[in-house]
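The paragraphs after it go through selected places one by one.

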Amino acid sequence: YFSTRGTRSPLIRSDMDSNKLFNILNLSERVDQLHLDKNDQIQGRDVDGKFHPSGIGGCKRKLSYAFVRQEPRKRIPAKLHRTFEHGHKIHDMLQGWLHKIFNADISGYTSTFEDEVSITGTELAIEHNIAGSADGLIILKKDDEEIRIIYEAKSASESSWSRVSSPMAKHVTQANIYAACLNAEYILFDYYNKDKDIHKYFIVPFSQEEWVNVTKTLSSVIDRLNEG
C-alpha cells in the first residue's frame, strides 16, 4: 500500500535558453544598482555636525560642510562601493584575529583587545566636536605599568601596498586623534595586502605636535564659519 498524501507534485522542467535566463537574472547590473542605491542613503554620521577623524587632514571646506550638517551628494561608483565593503569585511577579519591573540598573556603582560572603540564621549572629543571610533585598542598591563596602543588596520591592493614604506601621513593624523582621546602612547598600523594576504606592520609613538595641528585645523574651520 502506497500513500500519495503529503507528496509533492513533480517539478515542471523549463527548457528556457541559457542566454535568455542570463538576461533575466541580469546579475551584473542588479549588483551594481544595489551599490549605487547607497548614494541616496544619508547616514547619521553624514549630518551629525561632528568632525570625523577620517575626514581630518584633507579638505577644510569638507569639514565645514560636516559641521553645518550639509547633506552630502554622493557620486560614488558601484565598483568603489564594492571596494569599501571588501575593506569592511577585511577589518572584521583582522579584528577577530586580534581578539584571539591579545585577550591573553603576552610576554609577561596581561593583554586585552577591544575593537571599534568610540572616542565620541571622551573629554577631548567633546571639547573639539569630534566623533568616531578607533579600529582597536590594545592594553598591556604588568604590575603598575600600563601600555595603551591604538590599532589601525588599512587594506590595500598590491599596487598601493607595495609602495608603503611607512604609515601614510593622513593615517598618522587620523590615528593620533584616537590616541589623544583614548590616552594611548603608541599606534600600531596594520597595512594588509588584500591581493596576496600579507601584512606590513609599523609602530609609531603618539605625537603631541600632530594633535595640536589637528586642533588648530578644527579651530580655523569654526572661526571661518563664524566669520560667515
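In which loop is Asp197 found? Asp197 sits in the loop between strand 5 (186–193) and strand 6 (198–205). Helices (H or I, at least four residues) and strands (E, at least two) are DSSP runs, numbered from the N terminus. Asp197 is not a glycine, although its phi is positive, about 55°. With a relative accessible area of 53%, Asp197 is exposed. Here buried means under 20% relative accessible area, exposed over 50%, and partly exposed in between (1.4 Å probe, protein chains only).

Two remarks on the source are needed before going further. This is a predicted model, in which local features need pLDDT of at least 70 and side-chain atom pairs count only at pLDDT 80 or more, while totals for chains, interfaces and linings use all residues. Residues are numbered from 1 along each chain as its sequence is written, and side-chain values use heavy atoms, with hydrogens and water left out.

Asn129 also has a positive phi, near 60°, and is a residue other than glycine. Its place is the loop between helix 5 (123–127) and strand 3 (133–142). Asn129 has a relative accessible area of 17% and is therefore buried.

Now go to helix 1, residues 18–25. How many of its eight residues are buried? The count is zero, and helix 1 is hardly covered. After helix 1 comes Asn26, with a positive phi near 45°.

The next stop is a pair of helices. Two packed helices are described by the angle between their axes and the distance between the axes. The axes of helix 2 (27–36) and helix 4 (residues 78–102) come within 8 Å and cross at roughly 75°. Axes are lines fitted to C-alpha atoms, for helices over the stretch in contact, and angles run from 0 to 180 degrees between N-to-C directions. Helix 2 is therefore roughly perpendicular to helix 4; angles under 35 degrees count as roughly parallel, over 145 as roughly antiparallel, 65 to 115 as roughly perpendicular and the rest as oblique. Helix 2 contributes Val31, Asp32, His35 and Leu36 to the contact, and helix 4 contributes Ala78, His81, Arg82 and Glu85. Contact means heavy atoms within 4.5 Å. By class, these residues are three nonpolar, two polar and three charged. Ala, Val, Leu, Ile, Met, Phe, Trp, Tyr, Cys and Pro count as nonpolar, Asp, Glu, Lys and Arg as charged, and the others, Gly among them, as polar.

His81 has another partner in Asn39: a polar contact of 2.8 Å joins their side chains. A polar contact is a pair of N or O atoms within 3.5 Å; within protein, one must be able to donate a hydrogen and the other to accept it, and residues adjacent in sequence count only if both atoms are side-chain atoms. Asn39 lies in the loop between helix 2 and helix 3 (60–67). Its relative accessibility is 11%, so Asn39 counts as buried.

The loop that holds Asn39 also holds Ile56. Ile56 is buried, at 4% relative accessibility. Leaving aside neighbours within four places in sequence, Ile56 is in contact with Phe51, Leu63, Thr173, Ile177, Val214 and Leu218.

Thr173 and Ile177 belong to helix 7, and Val214 to helix 8; they are among the residues through which these two helices meet. Helix 7 (residues 169–181) and helix 8 (residues 208–226) pack at about 95°, with their axes 9 Å apart. These two helices are therefore roughly perpendicular to each other.

The last topic is aromatic rings. There are four aromatic pairs in the structure. Rings of Phe, Tyr and Trp (its six-membered ring) pair if their centres lie within 6.5 Å; planes under 30 degrees apart count as stacked, over 60 as edge-to-face and the rest as tilted. Phe51 and Phe67 form a stacked pair, 5.5 Å centre to centre with 15° between the planes. Phe51 lies in the loop between helix 2 and helix 3 and Phe67 in helix 3, so the pair ties together parts that are 16 residues apart in sequence. Phe51 is buried, at 0% relative accessible area, whereas Phe67 is partly exposed, at 27%.
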